[in-house]
Amino acid sequence: MDYKLNDKINNLWNEYNESVSPIHGIKLIPNYVTRPQKNKLLFIGLNPAFQLPEDKVEADKKLKQFAFKTTIDNNSILKWAQENESSKREGSHNYYAKYFGKITDVANQIESSTNNKQLFEHCDLFLMRETDSELVRGMVEGKDGYLNEFGREQIGILEEYVKDAAPKIIIVPNAMVSKYLISNLVDKLSYNEQKGCYFLKQQTKQIPVVFCGSWQYGRLDTYTQAIIVRHIKNVLKDAN
């Protein structure tokens, strides 16, 4: 099914394809998305990783496969969005366990899954395929250290995704994303000291938000994970 948010993503890539630097992130297919299911846990990451094989021939082949085309059709956008979605789901052909394994584990501890029910949604703040977070920073920040127009446009896209997802809670397992959201949504985020979390105002709804440091790639130990899971459960209990 066509998801209109992808049209905005595509328009953004067409607008900035020739002007954003450094390296190849903007020259690759952006992270097209499928329409999210409502009332799930929503995790927000930094951006989709992109790693090239060491072999030059294979690397060139992958770059060609992922190259952004200004005339991409809706069927191709849907295909890329579905590939993005399946990479998050355990048991799929392209499941990215190195990243989503920890998120899946935490989601299963927060809520019980029955009948293979999908517990969480995930989206990235930025849509460029790039592994080095410093290169991502260089694409979205100006010399003053604040987000440039390209970065702010993607904050707007994220806000629309969150509106469509209407999540029960937002969990941000990334320090860099936490910083960008807190500093760029100051008029929509408020901290509740009693509940120990932020709340994001969206129309008439207040969505609890838990900001964290980075979890993936072995950064979240078992003991800290238990504390985070208990805290999130408490936030959800208080929010209901």
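Contact here means heavy atoms within 4.5 Å. This is a predicted model: local features need pLDDT of at least 70, side-chain atom pairs count only at pLDDT 80 or more, and totals for chains, interfaces and linings use all residues. Residues are numbered from 1 along each chain as its sequence is written, and side-chain values use heavy atoms, with hydrogens and water left out.

**Stop 1: A59**

Select A59. It sits in helix 2, residues 56-65. Helices (H or I, at least four residues) and strands (E, at least two) are DSSP runs, numbered from the N terminus. Is A59 buried or exposed? A59 is buried, at a relative accessible area of 10%. The cut-offs are under 20% for buried, over 50% for exposed and partly exposed in between, with a 1.4 Å probe and protein chains only. Now show L52 and P53: A59 is in contact with both, leaving aside its neighbours within four places in sequence.

**Stop 2: the cores**

A nonpolar core is a set of buried Ala, Val, Leu, Ile, Met, Phe, Trp, Tyr and Cys residues joined through side-chain atoms within 4.5 Å. The largest one has 48 residues. Select Y32, I44, L125, F126, I170 and L181, which have the most contacts inside it. Elements giving two or more residues to this core include helix 1 (5-16), strand 1 (41-45), helix 6 (149-165) and strand 6 (205-212). Helix 6 gives the most, with 7 residues.

Zoom in on Y32. Beyond its neighbours within four places in sequence, Y32 is in contact with N6, I9, N10, F68, I72, I77, W80, A81 and N84. Another core, of 23 residues, lies apart from the largest one; F120, C197, V210 and I228 are among its members.

**Stop 3: helix 1 against helix 6**

Select both helices. Their axes come within 10 Å and cross at roughly 175°. Axes are lines fitted to C-alpha atoms, for helices over the stretch in contact, and angles run from 0 to 180 degrees between N-to-C directions. Helix 1 is therefore roughly antiparallel to helix 6; angles over 145 degrees count as such, under 35 as roughly parallel, 65 to 115 as roughly perpendicular and the rest as oblique. On helix 1, show L5, K8, I9, L12, W13 and Y16. Facing them on helix 6 are E149, F150, E153, Q154, I157, E160 and Y161.

**Stop 4: helix 4 against helix 8**

Go to residues 97-110 and 222-239. The axes of helix 4 and helix 8 come within 10 Å and cross at roughly 50°. The two are therefore oblique to each other. K102, D105, V106, Q109 and I110 of helix 4 meet Q225, V229, I232, K233 and L236 of helix 8.
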